[in-house]
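Please keep the sequence and the model in view while reading.

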Amino acid sequence: VSADAEPIRVLVTGAAGQIAYSLLYSIAKGDVFGKDQPIILVLLDITPMLPVLDGVVMELQDCALPLLREVIPTDKVEVGFKDLDAAILVGSMPRKEGMERKDLLKANVAIFKTQGEALEKYAKKTVKVLVVGNPANTNCLIASKSAPSIPKENFSCLTRLDHNRARSQVAMRVGVPSDSVKNVIIWGNHSSTQYPDVHHAIVNHHGKEMSGFDAVNDESWLKGDFITTVQQRGAAVIKARKLSSAMSAAKAICDHMRDIWFGTPDGEWVSMGVYSTGNSYGVPNDLMYSFPVMIKNKTWKVVDGLSINDFSRGKMDATAAELVDERDTALTFLGA
């Protein structure tokens, strides 16, 4: 660890929650921003969670991590969002039993409007913002609209968990390690309408590179059960564990932020929800939509020129329609 490196300020919201508990150690030990990058961790949560947050702070101190210079627990946005280099917005209003989707959206618009305004007022203009809390795509859009002086490109939402799920399903099916599968794509919303696409995936099958379809050699599975398994994986985890995905979500957050910081490997792309305006795939403008992206110098670019067949087109349009609907509902609340 170089003693003279300036620490970066990293915010995690919902910091007393489950995902954060799996996430904070990885960030603090250097898995995300590099092994010689000192960190000031800012932990934001709602007031009733402050006693729990104190326990998390004690544990982080007790890990005796050389990169962790300071931990700041807070329930105040002016403390939480000050001078940030990175913001990981995990906290959101979860869906309660019997809650209408509209009510969920309304509650989250209020939260992410406040956080967007706080980013605008207190954070660095170069801050990289990752929205995890659901509905992540729309929450991300609301946050970005509430922080007009921070570039839209600095906002992204998490579909890396879905990307990792898709990659792993293909790898297990073929019987290879997951790093032998690359260039799967998640298109659209982080919801059950998302489209996990393997038409451009490459599998290294015991030393031989082949297309995902050839390697799996089961088109009906790839166009059927594979897609629904990935789409509904979150619900399956909740059913089994009685809690939502935390370890895998935290790992995906680390993957996503590390790729923003250090770039993607040559010839590989990853999936993340980014601002859709100006894309070449006919996705409506002014959405946060998941695309395949390559990242260099902390800047993402949508991978252009991939051929889209009718099967893919239909699925990409369906998830876009859901996002347009969510956005339009959210914007009525934003104005209110």
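Buried here means under 20% relative accessible area, exposed means over 50%, and partly exposed covers what lies in between, with a 1.4 Å probe and protein chains only. Helices (H or I, at least four residues) and strands (E, at least two) are DSSP runs, numbered from the N terminus. The model is predicted, so local features need pLDDT of at least 70 and side-chain atom pairs count only at pLDDT 80 or more, while totals for chains, interfaces and linings use all residues. Residues are numbered from 1 along each chain as its sequence is written, and side-chain values use heavy atoms, with hydrogens and water left out.

The buried residues in α11 are Ala249, Ala250, Ala252, Ile253, Cys254, Asp255, His256, Met257, Asp259, Ile260 and Trp261. Just after α11, glycine 263 has a positive phi of about 90°.

Next come the annotated positions. In an unreviewed entry, UniProt lists Asp45, Asn108, Val132, Gly133 and Asn134 under "binding site". UniProt positions are given in the numbering used here, feature names are shortened, and annotations may be inferred rather than shown by experiment.

Where does aspartate 45 lie? The loop between β2 (39-44) and α2 (50-62) holds aspartate 45. With a relative accessible area of 13%, aspartate 45 counts as buried. Leaving aside residues up to four places away in sequence, aspartate 45 touches Gly14, Ala15, Ala16, Gly17, Leu53, Thr74 and Asp75, where a contact means heavy atoms within 4.5 Å. The side chain of aspartate 45 also reaches the backbone nitrogen of alanine 15 at 3.2 Å.

Glycine 133 is in the loop between β5 (128-131) and α5 (136-145). Its relative accessible area is 3%, so glycine 133 is buried. Not counting residues up to four places away in sequence, glycine 133 touches Leu89, Val90, Ser92, Phe112 and Asn139.

The charged pairs remain. Side chains of opposite charge can pair when their charged atoms come close. A salt bridge is a side-chain nitrogen of Lys or Arg within 4 Å of a carboxyl oxygen of Asp or Glu, and by this rule the count comes to 16.

Within helix α4 (residues 101-122), glutamate 117 and lysine 113 lie four residues apart, about one turn of the helix. Their side chains meet in a salt bridge (3.9 Å, N to O). Glutamate 117 is partly exposed at 39% relative accessibility, and lysine 113 is partly exposed at 31%.

How does the pair in α6 (residues 160-174) sit? Aspartate 162 and arginine 165 are three residues apart in that helix, about one turn. The closest N and O atoms of their salt bridge are 3.3 Å apart. Aspartate 162 is buried at 1% relative accessibility, as is arginine 165 at 12%.

In α12 (residues 310-335), arginine 313 and aspartate 317 are separated by about one helical turn because they are four residues apart. Their side chains form a salt bridge of 3.2 Å, N to O. Arginine 313 is partly exposed at 26% relative accessibility, and aspartate 317 is partly exposed at 38%.

Methods. Polar contact = N/O pair within 3.5 Å; in protein donor to acceptor, adjacent residues only side chain to side chain.
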